[in-house]
Amino acid sequence: MAAAGAALAGCGGGGSPNATGPSTAGCPAVLQEAEATVRRAESTDTAWTGPTTGPRAVPGKTLVYVAQTMTNPGVAGVAKGVREAARTIGWNVRVIDGEGTPAGIQAALSQAVTLRPQGIVIGGFDPRLTSQQVARAEAAGIPLIGWHAVSTPGPSTDPRLFTNVTTKVEEVAKASADWVIARSDGAAGVVVFTDDSIPFAGTKSKLIEQRLAACPGVELLAHKNIPIPDASRRTPQEVASLLSRFGKRWTYSVAINDLYFDDAAPAFRAAGKPGAGPPFNIGAGDGDPSAFRRINSEQFQAATVPEPLSQQGWQVVDEFNRAFAGRPASGYVAPVHIATAENSSGATSWDPEGYREAYEKIWHG
């Protein structure tokens with residue numbers, strides 16, 4: 001039980017006000033597994049386990065990064081990583097913002113194909129929504145690499161992607177749900193925030209809810225579908241309504257993206273809720289700097305399951321280099337991590353250690 005106690009302390013200390021403890025939670029096996037998952041995910045031993053070999057830099061390439069919306073901190077964070085890596089390898093990058101609407105994304109990808117770059121990044125949207133533009137890119141021989149474009153990492157045949165860079169959505173969903181189960185001792189009232197218009201996000205929220213349902217003492221109070229482009233406008237009103245409806249029964253929240261808690265903070269504050277919770281809020285992605293700042297200052301977010309956004313941007317560039325050299329995708333998938341105030345040490349991002357050095361050595365020897 002000492003190890004379990006350490007895991008709970010690592011989650012932010014203490015249990016939920018409505019925690020009943022493992023003896024009455026009704027899910028002792030699930031609770032024990034959740035505590036073990038959280039303990040592993042909170043480890044700060046993040047040495048590089050990705051590729052250390054690959055083709056030397058293919059010179060003179062240009063990429064276009066098509067963003068679902070640059071207001072999505074994850075999409076923007078990966079774009080920043082792509083730009084940084086491109087400078088290092090000696091390539092050019094242009095970012096085109098789809099501004100979060102189907103028409104905008106289609107227009108952005110159409111523009112990208114017209115520019116005839118050597119590669120196009122599908123930044124955080126479902127390429128099946130842009131099937132005509134994807135077909136044009138394929139006909140032009142332009143390889144596509146996704147970031148959160150489909151729900152699984154690695155190469156994809158339908159839609160055709162050289163590879164898709166992401167953590168495993170199943171692991172992210174389980175880690176975030178297990179954090180709730182472990183921290184609450186299996187007794188919580190939970191609201192899940194998601195964007196069902198994005199298949200990746202929709203899959204993630206369903207998996208989160210399925211895992212929460214494994215513990216009878218964890219009640220799903222509400223599934224709130226708020227499209228990311230509408231989050232700043234809709235979230236404060238939705239949160240105020242949920243607080244009015246559920247009151248103290250609402251003890252935990254899980255969101256498919258940290259930005260919901262940025263938008264929720266004014267409503268929590270107006271209702272007199274403490275920044276340190278309850279509700280205790282965890283983001284199941286993407287771990288942008290603002291999320292870390294909220295966590296470290298205990299302002300309406302207690303944890304995040306961050307994507308290593310910078311590393312993934314570098315990985316996108318490395319995967320293109322492999323494609324240009326006629327090599328297969330690397331197959332690397334970053335490990336799942338849970339960041340809290342206790343284990344982040346004031347940092348504003350999370351990435352595996354040593355990735356820059358590893359990629360630079362691959363490209364330049």
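I take axes as lines fitted to C-alpha atoms, for helices over the stretch in contact, with angles from 0 to 180 degrees between N-to-C directions. Helices (H or I, at least four residues) and strands (E, at least two) are DSSP runs numbered from the N terminus.

**Ground rules.** I am working on a predicted model, in which local features need pLDDT of at least 70 and side-chain atom pairs count only at pLDDT 80 or more, while totals for chains, interfaces and linings use all residues. Residues are numbered from 1 along each chain as its sequence is written, and side-chain values use heavy atoms, with hydrogens and water left out.

**Helix pair.** I looked up α4 (residues 73-89) against α14 (residues 355-364): their axes come within 10 Å and cross at roughly 35°. The crossing is right-handed, meaning that the near helix is turned clockwise from the far one by less than a right angle. I list Glu-84, Ala-85, Thr-88 and Ile-89 on α4, and Arg-356, Glu-360, Trp-363 and His-364 on α14, as the residues in contact; contact means heavy atoms within 4.5 Å.

**Overall.** I count 14 helices and twelve strands in the protein. The radius of gyration is 21 Å, close to the 21 Å from the globule rule for 365 residues, so the protein is as compact as a globular protein of that length. That radius is taken over C-alpha atoms, and the rule is 2.2 Å times the number of residues to the power 0.38. Along its principal axes the C-alpha trace spans about 60 × 40 × 35 Å.

**First sheet entry.** I find an open sheet of six strands, ordered β2-β1-β3-β4-β6-β5, with mixed pairing; two strands pair if DSSP finds at least two bridges between them. β2 (92-97) and β5 are the edges with a single partner strand each, so one side of each lacks a neighbour in the sheet. Neighbouring strands are turned by 25° against each other on average, direction ignored. β1 (residues 62-67) runs parallel to β2, and six bridges join them. Thr-62 stands opposite Asn-92 in β2. Helix α12 (residues 309-324) lies across β1, β3, β4 and β6, at about 150° to β6.

β7 (residues 188-194) and β9 (residues 252-255) run parallel, joined by four bridges, and Val-191 stands opposite Ser-253 in β9.

**Backbone checks.** Most residues other than glycine have a negative phi, and most peptide bonds are trans. I noted the bond from Asp-158 to Pro-159 as cis, omega near 5°; Pro-159 is in the loop between β5 (154-157) and β6 (160-165). The bond from Pro-278 to Pro-279 is also cis, omega near -5°, and Pro-279 sits in the loop between α10 (259-270) and β10 (280-283). His-148 is not a glycine, yet has a positive phi of about 55°; this residue lies in the loop between β4 (144-147) and β5.
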